[in-house]
Amino acid sequence: MTIRALALHAAASTLLALSGAVHAQLFRAYVASDGSDVNPCTLAQPCRLLPAALAAVASGGEIWMLDSANYNTGPVAIGKSVSILAIAGAVGSLVALNGGPAVTIPTSGLKVALRNIAIGPMAGAAPGTSGVVMTGASQLEIEDCVIANLPSVGVYVVGTGMLKMSDCTLRNIGTYGVWVQDGARAVVASTRIHDSQGGLLVMTLSGSVLTEATLSGGVISGCDGGVKTYADALSSISRASVKRTTIDNVSYPIDSETGTDGTAEIDVGGSAIVSGYYPWHLSGPGAKVFSLGDNQISGNVAPPVGATTPLAPQ
Amino acid sequence: MIARAIVSFALLAAASGSAQALIFRAYVSAQGNDADPCTLAQPCRLLPAALAAVADGGEIWMLDSANYNTSTVTIAKSVTILAIPGAVGSIVAVNGGAAISITASLLQVALRNVAIVPVAGATPGTHGVEMTNVQSTLTIERSLIAGMPEDGVHVGNFGTLVVADSVMRNNAGWAVSLQTSASAVVSSTRMIDNYGGVLVNGFGVSGGSHASVVDCVISGGGYGVGAYAIGATARVSVSRSTIDRTNTALSATTDGTGTAEVNFGDSLVAGNFYAWYQAGAGSAVLSLLNNQLSRNGLTQGSKTPLGMQ
């Protein structure tokens, strides 16, 4: 609070300099553990919860969580472009409870970023579902976040949205850590997914639709599924690329499956697939796994199901 | 603090609908008191009080830099314990016990940003974190475990361990030690001057233990990684890691029964007395043949190519 008080004058001056006049909406809104939602969400008078800050911030602006606290009491619906971050040194907590996710992005055409946020359940309350659900055709960046102990999905993107996730930890998730579906794209880098039902799921259930994801520098362990592509619609395609990733103690580390229609592909290079059950598993007429031929595969219980296709280094 | 109190109570009431006997997030701080309810406004002082106050599956936040135990902290419910970034959340091992002991099955326990150390001058403790023979999962992230008289993390039979972004140094035992039917993934972690880095034991007539060591540095001490089997299976997989200046970098040994395997790829093994030590029927050191081995002294037994796929 001392910093906030000292910064009051500077912040006000900066705002005026940037806007030229007092705006109805802020370029940066603030929330704090001792804030109040009747405040204007300024640095001097922060709000308490994210919905108030989202109402106060301008499209394309930022929301800063100023100290360690929880900042929601129900699903936070994001309907404008915004970056939400906890300042370094603080734990910015969001909870999923009462049958809903912690964060939803139902609107298209947005650019949303979450940074240094911890998303979890609220023990003792009615359980929530997922961490982040994006149904709009928007761009979502998630950086340096923890998503844990949720009964449904860590991050679920359906439609033609784009997810870029880096340096995150997802653990003890009821289904998949990251689930992209029906036209979504994802790039997941330097992220660990542990002790969940699955790591990354790329699923296409709509005809003539491509869904794809890239996973690099990651670790997936203690799951039933590792990276799975699934397609089951006419001309549907699900693709995943896996690079420099370790998949340990997973029943289906690399799992490509189709129904009667569709194409499901996974290409793998420079990765370790160890101590699992099947090293890879293909099922259905359109399933393929491509190997760069430089993977470390050891200590898996059962032989692979299906053959890999060589992918020549270039 | 008063403002935080009002807000905290309001949030809890709004989220839960009613006052609850156990809270979803309990707090401890340097000025807390164990007679308090462990809320943000009235934090407790020590972890046992917070563990009693928190709901199963909840969290405990250490609000500032201090030590938060006076003896072994026994964890018997699923919980996440974290020090907020910028704070040092210290937990000590004293009086012949571990700093933390996990004693029940089917738990999900996470420790994040904590420092587990001894108390100089006190009766020594044992391990940093001990998970007894229970089928639970322990996650340790961004933490320090140093100076333990025994292992940094000791996982008994059936346990599952995840360690990431942590430092383990100067522990008289192994940084990570697994017993039978346990598993671990250790990533982006530095294990410095311990007796050894990661040990996997496979004792018994069936089952097996295994560990993956990914993006790690192990330096100094007696061993890098070790797989040791008597009857069962013990396996360590090493990838994208450096093992430097140990006595034995990669050790796979059996008493003539069971299977002990160390496989490694894309790693640097340098300056060790033994680069690898393979002994006993059923033991193997498997190389992906893309490793960098240099300045090591001896080898014992054979190193078997592991074909890349």
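Visitor: What makes the ten strands of chain B an open sheet, and in which order do they stand?

Guide: This is a predicted model, in which local features need pLDDT of at least 70, side-chain atom pairs count only at pLDDT 80 or more, and totals for chains, interfaces and linings use all residues. Residues are numbered from 1 along each chain as its sequence is written, and chains are lettered from A and ligands numbered from 1 in the order in which they are written. Strands are DSSP runs of E, at least two residues long, numbered from the N terminus, and two of them pair if DSSP finds at least two bridges between them. In chain B the order is 4-7-10-13-16-19-22-25-28-31, with parallel pairing. Strand 4 (73-75) and strand 31 (298-300) of chain B each have a single partner strand, so one side of each lacks a neighbour in the sheet.

Visitor: How do you know that strand 16 and strand 19 of chain B pair?

Guide: DSSP must find at least two bridges; strand 16 (residues 174-178) and strand 19 (residues 196-203) of chain B have four, in the parallel sense. B:Trp174 of chain B stands opposite B:Gly196 in strand 19.

Visitor: What makes residues 1-20 of chain B a stretch to read with caution?

Guide: The pLDDT, the predictor's confidence in each residue from 0 to 100, is below 50 over residues 1-20 of chain B. Where pLDDT is low, the predicted coordinates should not be read in detail. Chain B averages a pLDDT of 92, and 94% of the residues score at least 70.

Terms used
Contact = placed C-beta atoms within 7 Å.
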